[in-house]
Amino acid sequence: MAEMKILTKFIDDPRSNELEFYESVHGYDGMKKALSIAPEEIIEIVKKSGLRGRGGAGFPTGLKWSFIPKDIPKPKYLICNADEGEPGTFKDRKLIENLPHQIIEGMVIGAKAIGANKGFFYIRGEFNKGIDSMQKAIDEAYAKGYLGKNILGSGFDFDLVLYAGAGAYICGEETALINSLEGRRGHPRLKPPFPAVSGLYRCPTVVNNVETFSTVPHILDKGADWYSKIGTEKSPGTRLFSVSGHVKRPGVYEIELGTPLLELVNDLCGGMLDDVPLKAVIPGGSSVPILTAEECKTANMDFESMAAHKTMLGSGAVIVIGEGTDLVETTYRFARFYAHESCGQCTPCREGTHWVRDLLHKIKEGEGTSADLDLILSLARNMEGGTTICPLSDACVGAVRPTILKFKHEFEARLKDKAGKEEEPIPAQTGV
Amino acid sequence: MSYQFSSQSVARLDKLLEMFPDKRSVILPGLYLLQKEQGFVDREGMEALADKIGSPISLAQVYGVATFYTLYNKKPVGKYHIQICGTSSCYMRGNDKLEKHICSRLGIELGETTSDKKFTLEEVECLGACGYAPMVQINDAYYENLTFEKMDEILKDLT
């Protein structure tokens, strides 16, 4: 199988980040079209294309844009979420570093659609190369009249400001990101009100992912029908998957949605590292339920197939795990990540993530008992399903519980009481 | 004596204050400027930042933000701040072994700074480079697909 490159067609060209090169490959054509039509028409095209947000939740993009109220006197804001940080996910970084103009173009289209005259590019603070690449592209776009006042004489104004986060995974959650942009701690907000009604500076706001914005210019340029024919009926288009773990060629791959998971692993990624057998795959970032090697055989990379396997495409991060991997250790490290990144607002998350981490640490050190394993599962039930403001504690549960249930023998093998029982002498028959 | 921003940083702060509808948004980029100037953020610097942004922003608000985010160093670090990613994808590609290797090369434990103040080594959570593991961030740059040999070369170049 081959990749289906739409967003990433020119990503490997050494000049892909330059404005002149981007223009030479039909760059900004989609924006020019958008500037010549009505906002409602742009939203209609994006709706018709079936594009679903690429940040993790998969919410239809056109529908999200249509929620912005039209006739209110407040300014409207558009934000690009470039705070990529889910363990396993590294796809957006490539788009930011190599194709920044594609993102800017998508943002101008989105801004026109919702009537926003100001936008922010919120990028994770560690991505220094991306920050430089993006700032350079923004400056170039201003100089060329693609940003700023009266873009290309269309009468539409749009200013774009780059804003660096400062190391908090939670700021990838849209309301935490908004708080961070307002100069606050990245604490998620209660919803409703949703950002579409009351977001940044309490004004109507749309937040979309880097890959979502990168897709929009192609839809405007080539049409909704063209796009909706790619992929599956409910998951149209291509998607970028970042593959890590035990494969020969880890990296970012753009494939048609609906492609079998094992084709991605075996064909594009060159199969398993050192030819070890496949043990499991986490198909959409650390927060989504793990698939066993057997389940992987029937899983396709689209929203429907993943739902049928009781997992998700999430942020497009495929973590491939080979035989011989210590799943107790990897699960502990995931839990440690969530404990570290919990913002601390809600008790089930603040206490739960830390507790789960500590219990897994105990188990991995051979000091745990079966009661600890049961306690993790009990805690998990209290950390999910709306007991917290945002889904970070649900994400921790997603990273821990399915692995414990599907690979229980590995966790049980590490328990102290099990090892102890095996060593206990059989009591002598006393007889009565 | 209270902290004094350089004239260059003051000019940048003035520009930032015009860029946002609410000047509170300047806290995060302002802290970055402070860190760029002295390598870390401290109380005096935060106080100066709060004063520069002006009422109603107080030191408490700047401090609350600085302590929430991990990229602001709350104490001085070595000239080269080595941050090794410890999350699972990196673990699966041997970050634990690399970590031990760096510790032994530098003669320090995780979280410590070498006695010549040149290197600080810390383990951090996901740096978003999972496909290029194991990896470290040293100051502003990522170093990926590391082996012991590559790491030795990098450390040698920085010494």
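Chain A of this predicted model splits into domain 1 (19-229), domain 2 (232-322) and domain 3 (327-413), with bounds that come from an automatic or database domain assignment. Residues are numbered from 1 along each chain as its sequence is written, and chains are lettered from A in the order in which they are written. Local features need pLDDT of at least 70, side-chain atom pairs count only at pLDDT 80 or more, and totals for chains, interfaces and linings use all residues, while side-chain values use heavy atoms, with hydrogens and water left out.

The centres of domain 2 and domain 3 of chain A, taken over C-alpha atoms, lie 23 Å apart. Their contact (heavy atoms within 4.5 Å) draws 13 residues from domain 2 of chain A and eleven residues from domain 3 of chain A. Together the two domains bury about 940 Å², with carbon and sulfur atoms giving 67%; buried area here is the accessible area (1.4 Å probe) that two parts lose on being put together, summed over both. On the domain 2 side, Lys279(A), Ser286(A) and Ile290(A) lose the most area, together 51% of what that side buries.

Two salt bridges are counted between these domains, a salt bridge being a side-chain nitrogen of Lys or Arg within 4 Å of a carboxyl oxygen of Asp or Glu. Lys279(A) forms a salt bridge with Glu410(A), the closest N and O atoms being 2.5 Å apart. Strand S7 (278-282), strand S8 (291-292) and S9 of chain A each supply at least two residues of the domain 2 side, and S7(A) gives the largest share, three residues. Strands are DSSP runs of E with at least two residues, helices runs of H or I with at least four, numbered from the N terminus.

Now to the partner chain. The contact between the chains takes 57 residues from chain A and 40 residues from chain B. The area buried between chain A and chain B is about 3,800 Å², and carbon and sulfur atoms account for 56% of it. Ala166(A), Arg185(A) and Arg333(A) supply 16% of the area that chain A buries against chain B, more than any other three residues.

Three salt bridges are found across this interface. In a salt bridge between Arg93(A) and Glu144(B), the N to O distance is 2.8 Å. Among the elements that give two or more residues to the chain A side are helix H5 (91-98), strand S9 (317-322) and helix H14 (327-341). H14(A) provides the largest share of that side, eight residues.
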